[in-house]
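Subject: Structure handover

Hello,

Please find the structure for your records below. My notes on the contacts between chains come after it.

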Amino acid sequence: MKRDVNEFQIAKALDIAANNPYHGTQEHMDGQSQAEQGDYTRSLKHANYLVTETNAQTTDWSSAYQYPPYDGQLRLDVYTHLSSGANMVEYWHWASIPSGQETYWKGVLSHDLEPNRAYAEVSRTAHELQKIGPKLVNLKIKNDVAILYSVDSANALDYMPFALAPAAQWEMGKPVATYSTVVHQLHKAFYDANVGVDFVFPEAADFSSYKLIVVPPLYIANDAILQKLSDYVKGGGHVLMTFKSGFANEDSAVRAVRAPGPLREVAGFNYQEFSNLEKALPLKGDPFKVGEDNKVMYWAEFLQLEHAKPLASYDHPFFGRWPAITRNQFGAGTLTYEGTFLSDPLQHAVVLDVLRDARVDGVKQSLPAQVREKSGVNGAGKTLHYFLNYSGTAQSFIYNQGPGIDLLSGRPVSNAKRVELGPWDLAIVEEQ
Amino acid sequence: MKRDVNEFQIAKALDIAANNPYHGTQEHMDGQSQAEQGDYTRSLKHANYLVTETNAQTTDWSSAYQYPPYDGQLRLDVYTHLSSGANMVEYWHWASIPSGQETYWKGVLSHDLEPNRAYAEVSRTAHELQKIGPKLVNLKIKNDVAILYSVDSANALDYMPFALAPAAQWEMGKPVATYSTVVHQLHKAFYDANVGVDFVFPEAADFSSYKLIVVPPLYIANDAILQKLSDYVKGGGHVLMTFKSGFANEDSAVRAVRAPGPLREVAGFNYQEFSNLEKALPLKGDPFKVGEDNKVMYWAEFLQLEHAKPLASYDHPFFGRWPAITRNQFGAGTLTYEGTFLSDPLQHAVVLDVLRDARVDGVKQSLPAQVREKSGVNGAGKTLHYFLNYSGTAQSFIYNQGPGIDLLSGRPVSNAKRVELGPWDLAIVEEQ
Amino acid sequence: MKRDVNEFQIAKALDIAANNPYHGTQEHMDGQSQAEQGDYTRSLKHANYLVTETNAQTTDWSSAYQYPPYDGQLRLDVYTHLSSGANMVEYWHWASIPSGQETYWKGVLSHDLEPNRAYAEVSRTAHELQKIGPKLVNLKIKNDVAILYSVDSANALDYMPFALAPAAQWEMGKPVATYSTVVHQLHKAFYDANVGVDFVFPEAADFSSYKLIVVPPLYIANDAILQKLSDYVKGGGHVLMTFKSGFANEDSAVRAVRAPGPLREVAGFNYQEFSNLEKALPLKGDPFKVGEDNKVMYWAEFLQLEHAKPLASYDHPFFGRWPAITRNQFGAGTLTYEGTFLSDPLQHAVVLDVLRDARVDGVKQSLPAQVREKSGVNGAGKTLHYFLNYSGTAQSFIYNQGPGIDLLSGRPVSNAKRVELGPWDLAIVEEQ
């Protein structure tokens, strides 16, 4: 997810897409970053992909950000990548380099070139894969939800950011939220709901197989993609769209009509004004029941409703006259619109509401908060369910899918049976 | 009020002075910034001036500092400028630009080029001015107080600042107070007291028509201007002077005599030492009764009194032996000196004390804290009183000037009668 | 203690070493910085040295960090330098410069060139020295403890720092602790215990006259110096060593064996892994009884014990399995090792423990916390005891050394007698 290249266009020239998804470890490994990178890379060619580099012992260009994984995290990480559709997990690099910039970007082995804790865990995982790998590769993943990713919008919003820290006059502060922040927040909301997502790209968007299209700020868009979104809703699709979408055309020129330009009809409102928010504001009456997290920030469009219905408005004497979140029935579908930046818990609540509205079969399992389920169909046509425990404490849950075998333990797992997961451990159930 | 040019000298080549006074909006519009810029610009040529740019919808070179005015603020802003002596208020620009650096520096119209909230308010104001404008232009303003503005001192103190944030060794922190901070603080203290001020410039200072000359840190000064200040006090004038005045000559060389150099006699003290203050200090006994705001900071001169009387001293075992604020009777006048940087409320209290000392007729009206009064004489020789409500709540007060007509409503206003002002609204009383 | 030169090598070309030890004043003068610089400079040539510049009135390249000394600090500072072995204290400069970068780097006189508070104190001190100076110069100082200072390690750890503030991805934060931080912390721990230290240098290390060698992170080291340390312990010496020692060779290449490389036997452990610490961690059970200061930070090596005994371990589910501080008996001596960065009070407690272990005669006097004792032998072969009060309040203590004369007051001082010290004052007892 780089700014300086259009990876979707580049991927056309590749046989197999690959990624180097580095991520947080120790207390910062919840699998979401790997899933976001994995979903994105898999979507570039609608195919399995390779992980050509990822965290071995430690990373970074100094000795100040060294965070070797806790016991179990290296193994869990490999299965995390496989559960997103990776067909390989490779490390940069085998042994650590004795000098230079990457002295502390450590491999599986330390500088002493001897077996160690990391080696033991990689070796254990490799021996497991030797046995069960053929049942895991070529996982086919079919999702109901897709995120429309626009690298042009990401770039344009880097030049005209919507959320900067306060700064001295005539200076610009550092970004506190960007296009990527919204993408990440949206992806995480679905991830936490155990709903898998694909990415789609404006250059070749096909919405037909999805129940819900999620639109991070589509600031840069030609008329064609906006028309496609409109037609998709009219035909029964559902869209969750965020602020600034439709504002500028493909040349980064603001459209000379009321915002959101060609989306005005499908969105059911127009706006002529917007404001940054100096402080976070609550939504009137806490409509999504998130308590102290009931707050929005950074940006507020002054939505003038035409056909849309308000879902939430600002609790403020001036901004309060314009709705903050709206939903519009258009043809057979709906478009839900966020005219402001939501707190993470609020975004999570709105996503759950949109999933219900779009009749996406959301929560597959009643799972502990730290356990994620990810599913797909393997090369043999059998359904796999990964249950991944991203925590340092043991977890358990009642399995409610079809009867199968836990490939790692070799034990049968039947419906309504309790499954136990150790710290940073997992089960992979292959339905029989 | 730029550093890189001497605007007083430049103004000689102009027929009419103009300014582009951008300012805070929403919760940050109290009219003070406009008054400070207006007083300064009017003083450049002792004449009415033009506002050639000011806030329309929103400003800034990104989408991150967009704060469109609340209802009423655009109209109130126009009258704010007129009440300082502006003869025109013009916007950069009519319509917003669709691309480039100033995409979000919005005009009266948005990118959609349609009428909107801003347009409606500008149009209302313009129609009012069509009717009453001839009674408002060419306002003559006569003040008893003037601030001596030295661009050379501002520049020199940028090179040798007196208040920087803590920094690593051999690094310099960011400025936390500058020459402009003191100018602004002093101007605001008079503004909040409803006492109008002019600016005067060292290059052609005529103090004869003023009761009080206010001197921000006059760090750079030739002997002549210091002699003028001294003579002014001797002849019965009053001066409020701040730290570092008289320290360096016109070549930025520190004078080779005890500070404050040629001001020693009129000031009634000398000093050989000074210290920055690591932490804010209280004044002993809270002499100006400002409670928790009784604190000074950044800088302390070790004033050794000769004839001056101490008004306040530091509550500190070491610094406590030197006074912080002094007053010296010299000839028929007085010089009040601040050897340290005061908190805003403390500065406000000292200014009120100096106004009493200088017998300046301070508070014209008993007004609510958010209402400002500004007065002048119009082209027809009639006195105008602007009453401007810089708040989002209605305000009222008892009018105590001569009977007149509120030009906006057309209603008569008589002495001792209550005047009501809506949120961000105003009255303009023309005495009959 | 510069990074860009090897001062020990340079000192060989000098007849007499000199230093310009600028330091904190007002509330920040405890004499430690002067002692650290003095111990270092004296150690360069094992001889008395010159102070060629130090704080007169104020320092710095702006008017924002001006902190003239409190009454008594200028005088106390001179004796502080002498008590570390200085044979001269000179100021940059006599009078202050009227313009340019160092306008505010003030001399003994201010810009007015007249006598002042600083001059009076310098003059008093100079007149004292005229009388008693011959009894103070050429002070010979004999210490039991030495700090091994490695400029190569300091440089290398600037390139691969172990403690940076959090930063945005792909950026590096500012250092929050460096090699110098550890040197300073260790020196201060001995200073606060009234135990004098020398410095020794890897280029010509002779440990034979010391009971204890203190080793700040010896990150860069050739095999020879590591062997010397090992032999020293084997022969009965004591070493207090900190993290990262022995990690890289003299070419800044990480050794291709388990850390700490050639030190493995003397240290009694090896390690293959390490981690930065995102947050400070407590040591399990507060083994050094320092209460709320029982915390370590920044860095943790995963010490795998072979012969060493653990003195402390981390109170953490993951890091807890590896000891944080160890001690190894090797031959006739011991090596105490800190695998992590300690809080200042924890370092102080560990140093006291190591002093007991090494049988260094630690606390000479029971002294108030703000009073330091420093001792040596003067040119006449008599023992001098400096008692220096680094505080603004009077202090007293019971003298417990041999009977002598207080050179400043001329009064006899006998054992078990109470000595009184004024604020920022001192006594110099010459044993008879």
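The notes cover the chain arrangement, the interfaces and the salt bridges.

This is a predicted model, in which local features need pLDDT of at least 70 and side-chain atom pairs count only at pLDDT 80 or more, while totals for chains, interfaces and linings use all residues. Residues are numbered from 1 along each chain as its sequence is written, chains are lettered from A and ligands numbered from 1 in the order in which they are written, and side-chain values use heavy atoms, with hydrogens and water left out.

Chain arrangement

Chain A can be laid on chain C by a turn of 120 degrees and a shift of 0.0 Å along the axis, with an RMSD of 0.1 Å (least-squares superposition on the C-alpha atoms of residues with pLDDT of at least 70 in both copies). That is the relation of a three-fold axis. Chain B goes onto chain A by a rotation of 120 degrees with 0.1 Å of shift along its axis, and the RMSD is 0.1 Å. In chain B, the C-alpha nearest that axis belongs to B:Lys174, 9.3 Å from it.

Interface of chains A and C

Contact (heavy atoms within 4.5 Å) involves 30 residues from chain A and 36 residues from chain C. The buried area (the accessible area, with a 1.4 Å probe, that two parts lose on being put together, summed over both) is about 2600 Å², and carbon and sulfur atoms give 51% of it. On the chain A side, A:Tyr65, A:Tyr104 and A:Asp112 lose the most area to chain C, together 20% of what that side buries.

There are 21 residue pairs in polar contact between chain A and chain C, both residues at pLDDT 80 or more. A polar contact is a pair of N or O atoms within 3.5 Å; within protein, one must be able to donate a hydrogen and the other to accept it, and residues adjacent in sequence count only if both atoms are side-chain atoms. The interface also has 3 salt bridges (a side-chain nitrogen of Lys or Arg within 4 Å of a carboxyl oxygen of Asp or Glu). A:Glu114 and C:Arg258 form a salt bridge at 2.8 Å, N to O. A:Asp71, A:Arg117, C:Glu273 and C:Arg321 are linked in a network of salt bridges.

Interface of chains B and A

Here 30 residues of chain B touch 36 residues of chain A. About 2600 Å² is buried between the two chains, 51% of it on carbon and sulfur atoms. The rule finds 3 salt bridges across this interface, and A:Arg321 and B:Asp71 form a salt bridge at 2.6 Å, N to O.

Salt bridges involving chains B and C

Over all chains the count is 57 salt bridges. B:Arg258 and C:Glu114 meet at 2.8 Å, N to O. B:Arg258 lies in the loop between β7 (238-242) and α8 (264-267) of chain B, and C:Glu114 in the loop between β3 (86-89) and α4 (117-136) of chain C, so the pair joins two chains. Helices (H or I, at least four residues) and strands (E, at least two) are DSSP runs, numbered from the N terminus. B:Arg258 counts as buried at 17% relative accessibility, and C:Glu114 as partly exposed at 27% (buried is under 20% relative accessible area, exposed over 50%, partly exposed in between, with a 1.4 Å probe and protein chains only).

B:Glu273 forms a salt bridge with C:Arg117, with the closest N and O atoms 2.8 Å apart. Both B:Glu273 and C:Arg117 are buried.

Regards
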